[in-house]
Amino acid sequence: MSAKITAPAYRIIPIIPALKPGAMEGSGPYVANDKIQGALGFPGQLVDDWHDQAIAKMGELLGKYRSLAVYMDSCVHCGACSDKCHYFIGTQDPKNMPVARQDLMRSIYRRYFTLPGKIFPKLVGARDLTREVLDEWHNYFHQCSECRRCSVFCPYGIDTAEVTMAAREILDSIGYGQKYDNEIIGKVHKIGNNLGLPGPALKDTLEGLEEDVKEDTGIDVRFPVDVKGAEVLFITPSADFFAEPHIDSLIGYGKVFHATGTSWTLSSMSSEAANFGMFIGNYEQLRKVALRIRQAALELGVKRIVVGECGHAWRVAYSFWNTLTGVGDGADPDDQFAMMLQKQLDHRYKQPMHICEFTWDMIEQGALSFDKEANDKHIITFHDSCNVARGSRMGDYPGGQFDIPRNIVKSVANHFVEMDPSTTHERTFCCGGGGGLLTDDLMDLRVKGALPRMEALKRAADEHGVNFMACICAICKTQFSKVMPYYGFERNMVGGVHQLVSNAIKLGAK
Amino acid sequence: MSTLFAILFYFATLVFVVGTLYRISVYTRTPAPLKIPTTPAPITTGGVVLRMMREVFLFESLFKANLWTWGLGWLFHASLALVLLRHLRYFTEPVWAWVAFIQPFGMYAGITMVLGVAGLWARRIFVERIRYISTPSDHLMLALFLAIGVSGLAMRFVVHGDVIAVKGFMLGLMNFDLQPLPSSIGLYVHLSLVAVLLMIFPISKLLHAPGLFFSPGRNQADNPRDKRHISGWAKKLESK
């Protein structure tokens, strides 16, 4: 498969592409085997009465999620979203238009849950749930990265991510899961992170890192693990521990904590910010993965929880942790579950806090100083990660998630350029690998889905000489460093915001 | 015929009111377990109200999406609203002053409404992507609005109806005191189609009207760190 993958051509003028029906028909991901499924409590293979169970599950979800109930009813097929998805732009498959993707499920909803669909299915685009429909679901609901770009433009705020999550939840419940996502969730339950990196290996890696930084800077920057009574519990995506360019940002976090004299610790039991439970739309899995952070916070007795550079992890942390685990503020006094943790946390600070909020606070307080020239070889642009942009916030006002990372970049480097504004801020394009699709069996999709971002980057590179794209997401970093060569860019053109911080920070200056 | 239409309208109104209230009660009863506003989102309830008003009156998100769809859609909806308000004169005696004031505008709105529908329909037919996602019911819905608009305009500009008698019939309906409906094909068509519209409202995509107010992507405040949000069924997981 990988031999014939090529990047689609840049569009000279970014016109809306013509439809190529069926272009991505057989491009779905690997199916999870019974061992992977079993570890999450899902049926090992497609159950015999999948039809009835799937409909029952859909009914259950319609009763549990207002989003799904409202979104199934409200679409008027206006087409506002139809040209907004990066996967549609890159593949031209009409079923990758957000509305068409939703309709894969809405057609079933209409058939089994609405009067017109029961009486006149053809009239309202309703259809029976068949084995072919299931395959179509598995295929196209794994060509959505749950990036929410379509929801920005929908006049009713219909969020295809919610529909995709529900579809994946139904597929899992009848034994038709996705290998990549479910295997990773299993690893977190068993070992504590997506990579399956056990505690001793983690400690070894971090000791090695301390030596490297010492060699590089002459300063003892620590990367502590399992320190009871530390002020800050730091939760970061496990890719930061060894993947390139992620590790350079990890060094940056360590230097910021060092320079500000913050006592901090990682946890070997809870060494993962990512939460693929969100990708598969399963509340119990989402919660179970997040509870490790609660447990670590309670055991280590920390006062603050700070989160590293990771897009969907920040969405989960910012938007869902308070709900799932009580990491946050403002629980009812008689809410014992949440109060147990909230009493321990220091509410002079935001809980949880993004590492960019932490670093920017310190910069504003004058606690950090930089040698901006250290980044002079870079002409930098910033890629807004979808989950940060459209599913979370930083700082005290709406849109702080756009300003704070940019403010940091501008504080540590001299050359900063924006990309085309129709591809940044709330309109940012997904990297093409989010939403649980960062797997080699979807490489063709990932390359094609990166097209709109690559087009914007190409223009910025041609017009302004941009040679570095900063971002704050582990998935973006992995995806870009993998697909950028297909578009003729160097893979090391992508890196983290804290990688730039790391380059410029003056240690021991204050 | 008058009796037939009286029965039709009582029935259609009942279906519309009960059906729509039922859907709204379903939306109200169904919990939203997670905070999922599309950000950047307002931080306060007041901000959410403003965001919602911008969506309802200005179609803010659609404006960001596509100027043609926004222009035609807004023209249609604003015209429809004016036309509906204009029709209040058939249900009130004496006619409220502001309803009397908007009568001429409402007349023109009838024309712009038809133009808006025609434009939206053209888009549905000629734009490849929109044609692909359209179901037969999408076309029929536009046909219905077009027919209601055209039959109404025909009575105003071509074959004048006996509006005094129509008003008498409507007031009679409201007071359960049946009055004769003038016999006119145009009127019969117009009223029948309106009755159809009322009846399909709670079982069709017309539910987007109440749906918008219940959309978690738009009606939630962005404050998950400051206030714990937990739904009933999710809370039960904590006691296990």
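This briefing walks through strand pairing, backbone features and the chain contact in the structure above. The model is predicted, so local features need pLDDT of at least 70 and side-chain atom pairs count only at pLDDT 80 or more, while totals for chains, interfaces and linings use all residues. Residues are numbered from 1 along each chain as its sequence is written, and chains are lettered from A and ligands numbered from 1 in the order in which they are written. Helices (H or I, at least four residues) and strands (E, at least two) are DSSP runs, numbered from the N terminus.

**Strand β1 of chain A and its partners**

- Two strands pair if DSSP finds at least two bridges between them.
- β1(A) pairs in the parallel sense with strand β2 (residues 264–265) of chain A, over 2 bridges; here L233(A) stands opposite T265(A).
- β1(A) also pairs in the parallel sense with strand β3 (residues 304–307) of chain A, over 4 bridges, and V232(A) stands opposite R304(A) there.
- In a regular strand the side chains alternate between the two faces of the sheet.
- From β1(A), V232(A) and F234(A) point one way and L233(A) and I235(A) the other way.
- Together, β1(A), α12(A) and β2(A) make a right-handed β-α-β unit: with the strands pointing away from the viewer, the path from the first strand over the helix to the second runs clockwise.

**Cis peptide bonds**

- In chain A, the bond from E244(A) to P245(A) is cis, with omega near 0 degrees; P245(A) sits in the loop between β1 (232–235) and α12 (246–259).
- In chain B, the bond from T39(B) to P40(B) is cis, with omega near 0 degrees; P40(B) belongs to the loop between α1 (2–29) and α2 (45–58).

- Q92(A) is not a glycine, yet has a positive phi of about 65 degrees, and its place is the loop between α4 (86–91) and α5 (98–113) of chain A.
- Q92(A) counts as partly exposed because it has 19 C-beta neighbours inside 10 Å.
- H425(A), also not a glycine, has a positive phi of about 50 degrees in the loop between α18 (400–412) and α19 (443–449) of chain A.
- With 18 C-beta neighbours inside 10 Å, H425(A) counts as partly exposed.

**Where the chains meet**

- The contact (C-beta atoms, placed from the backbone, within 7 Å) takes 64 residues from chain A and 59 residues from chain B.
- On the chain A side, helix α3 (residues 66–74) gives the most, with 6 residues.

Note on methods. A residue is buried if 20 or more other C-beta atoms lie within 10 Å of its own, exposed if 12 or fewer, and partly exposed in between; C-beta atoms are placed from the backbone. Two residues are in contact if their C-beta atoms, placed from the backbone, lie within 7 Å.
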